[in-house]
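Work through the exercises below with the sequence and the model open side by side. Try each task before reading its solution.

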Amino acid sequence: MRHEIRVPRDRRRVAANLKTGGLTLRYDEEMRNPTRPWWKDAVFYQIYPRSFQDSNGDGMGDLPGIISRLDELAALGVNALWLSPVYCSPDADNGYDIANYRDIDPRYGTLKDFDHLVAEARKRKLRIVMDLVVNHTSDAHPWFQASRRREYPYTDYYIWRPIKEDGDLPNNWTSFFQGTVWEWDVIRGEYYLHLFDKRQPDLNWANPAVLAEVEDIMRFWLDRGVAGFRCDVITCLYKTSLEDGAPGSVIRGIEHYKSQPGTHEILATLRRDVLDPYQAFTVGETVMATLQEAQDLTDPARRELDMVFTFDHLKVDRRIDKYLPKPFSAAALLDSLTKWQQGLSWAAPVLENHDQPRIVSHYGDDDRHWATSAKALAVLLLTLRGTPFIYQGQEIGMTNFHFTSLDELDDVESHRMDVRLRGYKLPAPLRWSIIRPASRDNARTPMQWDAGPTAGFTTGRPWLAVNPNSSTINYAAQESDPASVLSFYRAMIELRATSPTLRDGPFEPVYADKSVMVYRRGKADGSGQPLFTVYLNLSGRASQLNQELADEMRRCKDGTTIACVATNTGRRQFNGTLLPWEAVVVRETLSPDWAIPSKKPAPMLASTIMKP
Ligand SMILES: [Ca+2]
């Protein structure tokens, strides 16, 4: 593995690149409005590379595989692709432990493949966003290997502490992965700190050399044409002190490193030094961020991150952590959405990612109402304010996997949870009933491209089992079917692309109960902008709306100023009852021929109920 040695950088090269129409400038030229950041009008798509498309039969997805599927992604209508880590990694945490930030792991391909990916993506007006994992490195990273031997200048790249005089650990902090954050290193004769796995030592962000290294790494990828970064656990970078944490906290010590002023300073520095010169984009993964913390991170005046993911709305049926369920309520979901939709200057709505169960199995119905509920959730995601992120397979309604035993799971988190639940003396069947629906592997099974035995993902043996329902739920089956979940996603993305109100307009809750939620996007203020009302029945029972809403829905009529522009049941006129999982978007404009400037008028989404 190539050593990452910092090379003094010729800053003039960046300036020249910008001046002479390098990659970054070419992107800018594509922007419809140069004063408006491109990502505000974008829909993002997250690729989990090891499960997306294999090109060489080794059972693991790779960069050439992604390149071979760019046409499908362009046809979906998304604008940018975020790749989960493809850097060199020993895989203690599926690539989130990086051993070389400046190279592609051989299992995924080469830097040449990466350059090819960027070029091919650009031809299709798709931008590439990389994962930036800089709270920690892998313990196999050459910096760590040099640091444990106290080799200059790497001596203080990590957080080392001697054993206490009384023989105790340096402090009482607990790791996100349970147990102490301290690991003894025999070579150095000191403990190092790891907030996550012991093979993921935390970088010492109090050392300015670490900041300089990361800036160089970011420039390395920006020079290759990357449009920005998704920043992993970004709110934990700076540890203000190593004092003991308050007792009683689940993650003991977190008050000393969560969203500290030092982290804000680092983010502002990265923005000024690196991101601004490239006009690059960032979305942050926050750790248990409060609304205030998220506001601070994304406040345009502070110039730190462009947006952050928020996850509160995915936990309305969970107590404390995702492994403890409670009954779902649409009212709780609308409450959570309202708080974050209204509270943030810009949001990054998300229903799925590589750490979450599939949304159609979580909030939807992956059995009887599979297609209708998957479409209802598409309506939800794509009528929220901000920049939505779709996770691979979500657009074809991929479901959780019906794993039958712990042995089938690769996810380290699931195995750790089993150990923890054993500690509470819970019987095996109960432990399994808690772990199975929440395991991260539900989202990590291979992308279902066709009905073949390995779903078209690989010609070899897939690294993780292919969901048997790929025989019916797959891309090929949906590609040309106008009633498919995929067609519905495409049409909703297009509807959103035609409407500034859906992207930017205010979010106002209207009504919610246990199953139904209604919200509006935009303002009926005579500005000429349309007002959208979204009706969602998130249950398998028909639901009667109250008189006021029923009357409002009855006014909806094609060819008038109040028309249905999206429906997942095919109904276009309403009597005040929402069918099971029915989702309806009604657009109210000043005149029936009022049109948003766009190549095409907003699509009418006809759809029928389809079973897997
Ligand atoms: Ca491969």
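The model is a predicted one, in which local features need a pLDDT of at least 70 and side-chain atom pairs count only at pLDDT 80 or more, while totals for chains, interfaces and linings use all residues. Residues are numbered from 1 along each chain as its sequence is written.

**Exercise 1. Confidence**

Task: Find what pLDDT the chain averages, and where the pLDDT is below 50.

Solution: Then turn to residues 5-32, where the pLDDT is below 50 and the model has 21 contacts beyond near neighbours in sequence; two residues are in contact if their C-beta atoms, placed from the backbone, lie within 7 Å. Finally, residues 608-612 also stay under 50, and for them the model has 13 contacts beyond four places in sequence.

**Exercise 2. The whole chain**

Task: Compare the radius of gyration of the chain with that of a compact globule of 612 residues.

Solution: Take the radius over C-alpha atoms, and for the globule use 2.2 Å times the number of residues to the power 0.38. The rule gives a value near 25 Å, and the chain has 24 Å, which agrees. Next, note that the C-alpha trace spans about 75 × 65 × 50 Å along its principal axes. Lastly, buried residues, those with 20 or more other C-beta atoms within 10 Å of their own C-beta, placed from the backbone, make up 48% of the chain.

**Exercise 3. Helix α9**

Task: Determine which residues of helix α9 (residues 291-298) are buried, and how they are arranged about its axis.

Solution: First, list the buried residues, which are Ala294, Leu297 and Thr298. Viewed down the axis of α9, these fall within an arc of 85°, taken over the directions from the helix axis to the C-beta atoms, and so line one face of the helix. In general, an α-helix has 3.6 residues a turn, so residues three or four places apart point the same way. The buried residues of α9 pack against β10 (281-285) and β11 (307-309).

Terms used
A residue is buried if 20 or more other C-beta atoms lie within 10 Å of its own, exposed if 12 or fewer, and partly exposed in between; C-beta atoms are placed from the backbone. Helices (H or I, at least four residues) and strands (E, at least two) are DSSP runs, numbered from the N terminus. pLDDT is the predictor's confidence in each residue, from 0 to 100.
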